[in-house]
Amino acid sequence: MHDHPMHDHPMHDHPMHDHRKLGRELGLFDTDPLIGSGLPYWLPDGAVIRHTLEEYIRDAERRAGYRHVYSPVLGKRELYEISGHWSHYSDDMFPPMDLGGEQVVLRPSLCPHHALIYRSRSHSYRELPLRVAELGGMYRSELSGVLGGLTRVRAIQLNDAHIFCTLDQVAAEAAGALEMIGRAYAALGIRPVRYRLSLPGAGGKYVAAPEMWRRATAMLTDVLDRSGLPYEAVEGEAAFYGPKIDVQIADGAGREATLSTVQVDFHQPEQFDLHYIGPDGGRHRPVMVHRSIIGSVERAVAHLIEVYGGAFPAWLAPTQVVVLPVTEAELPRAEALVRRCAELGLRAEVSGPEHGSLGARVRAARLAPYQAVIGAKEAAGDEIALRLRDGRALDAMPAAEALARIGDLVAARTTALWEPAVQRA
Ligand SMILES: [Zn+2]
């Protein structure tokens, strides 16, 4: 029935890289002891990848009928007492700040803010499902001993969304989120190691409402069974308010982490007294489906660095075209080509003869998907000789034609470098 491209790939067939080492070598992100551990900052090349990824996600969400919001990264302690975070999750939260007699905390999740956004207006059943999305900040008080790179951080930018829907709509919304995850993984070249149905375990971490857990678990089990995806049920991995479908990825050392998630929540709609007006004119309780396609932006970019070893697909690459004038004489042509790239929305830079021989510059730019060589002959005819990252050297062609082709490939967000030919968007 549904097409799940991620299903075809068992595990990575090539060694993965350490994103912390590569992140430093490639100038993508770094940390400073004065900012603090677990609080990385993004350098320009890393920021390009992050921004491009965020735009991809917003675009995918917009097409899938989500509406985007912004909400503050702080909230009053009382907000998290109502949501249940305070009693079930406070070990992972930053201590509250006293502010004129009020206590304010850095938020541990976006759900309570989105519940309040929903509650701020009255809703008819005709508006449901209402899909509210935000790429927003959240904070986790990880101990400094376990921090490092982009995978264990204290400040997290989460690709989050909450779907407010009727009970009848839950299965379709959860299945739709699972399909979005599959499409995003195919576009990004991410392969999951397994799907997990995350259930509650022993201990007081979970809200006590057996009937609610039973219903939510039955719904997610049904969604997974219908999807045809292999999965395993694991106890002790649920959210405190409900069970989850988690999509697991692994790093080069085989350490597993959750990247994407789909959750069914009856608890927070109850806590925040959410309702919609049904066809009968009466008040009804919506269900909240929490979902994240790529999880945190930090973890997603860390994983992409490890998968690609810095050789990113053209649409994500910090520098897409490196322009190589053979001699000083072609430098003005090279600089003009960089400006043309910028006008077309392509990221390009010149690597001139001051950086060494042509061979040395070709090697130095080996991670760039495209190298545009301009010698005397090319300069005279407004042509470029393209070298692709996979080693192919193409015959000289008109610069306009080459840039249009690259622009099409980037717009299509394909992992292909040159073929197959794509339709203009
Ligand atoms: Zn949530």
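Predicted model: local features only at pLDDT ≥ 70, side-chain atom pairs only at ≥ 80, totals over all residues.
Local features were taken at pLDDT of at least 70 and side-chain atom pairs only at pLDDT 80 or more, while totals for chains, interfaces and linings use all residues. Residues are numbered from 1 along each chain as its sequence is written, and side-chain values use heavy atoms, with hydrogens and water left out.

Helix α2 (residues 44-63) packs on helix α9 (residues 297-308) at an angle of about 115°. The axes lie 10 Å apart. Helices (H or I, at least four residues) and strands (E, at least two) are DSSP runs, numbered from the N terminus. Axes are lines fitted to C-alpha atoms, for helices over the stretch in contact, and angles run from 0 to 180 degrees between N-to-C directions. The angle therefore makes α2 roughly perpendicular to α9 (65 to 115 degrees; under 35 is roughly parallel, over 145 roughly antiparallel, the rest oblique). The crossing of α2 and α9 is right-handed, that is, the near helix is turned clockwise from the far one by less than a right angle. Helix α2 contributes Ile49, Arg50, Leu53 and Glu54 to the contact (heavy atoms within 4.5 Å), and α9 contributes Val297, Glu298, Ala300, Val301 and Leu304. These residues comprise 6 nonpolar, no polar and 3 charged. Ala, Val, Leu, Ile, Met, Phe, Trp, Tyr, Cys and Pro count as nonpolar, Asp, Glu, Lys and Arg as charged, and the others, Gly among them, as polar.

Helix α2 also packs on helix α6 (residues 170-188). Here the angle is about 145° and the axes are 12 Å apart. This crossing is right-handed. Leu53, Tyr56, Ala60 and Glu61 of α2 meet Met180, Arg183, Ala184, Ala187 and Leu188 of α6. The contact holds 7 nonpolar, no polar and 2 charged residues.

Helices α10 (residues 331-343) and α13 (residues 399-411) pack at about 40°, with axes 11 Å apart. Their crossing is right-handed. Leu337, Arg340 and Cys341 of α10 contact Ala399, Ala400 and Leu403 of α13. By class, 5 are nonpolar, none polar and 1 charged.

The second largest pocket holds about 430 Å³ of space. A pocket is an open set of points on a 1 Å grid over the protein atoms alone, where a 1.4 Å probe fits, with protein on both sides within 12 Å along at least five of seven lines; lining residues have an atom within 4 Å of a point. Of its 23 lining residues, Leu26, Thr319, Ala364, Leu367 and Ala368 are closest to the centre. Elements giving two or more residues are α1 (19-25), β17 (348-350) and α11 (358-364). The lining has 13 nonpolar, 5 polar and 5 charged residues.

Two backbone features remain. The peptide bond from Leu128 to Pro129 is cis, with omega near -5°. Pro129 lies in the loop between α5 (111-119) and β7 (130-139). Asp273, although not a glycine, has a positive phi of about 50°. Asp273 sits in the loop between α8 (267-271) and β13 (276-277). Most residues other than glycine have a negative phi, and most peptide bonds are trans.

How values were computed
Points joined across faces, edges and corners; volume = space filled by probe spheres on them.
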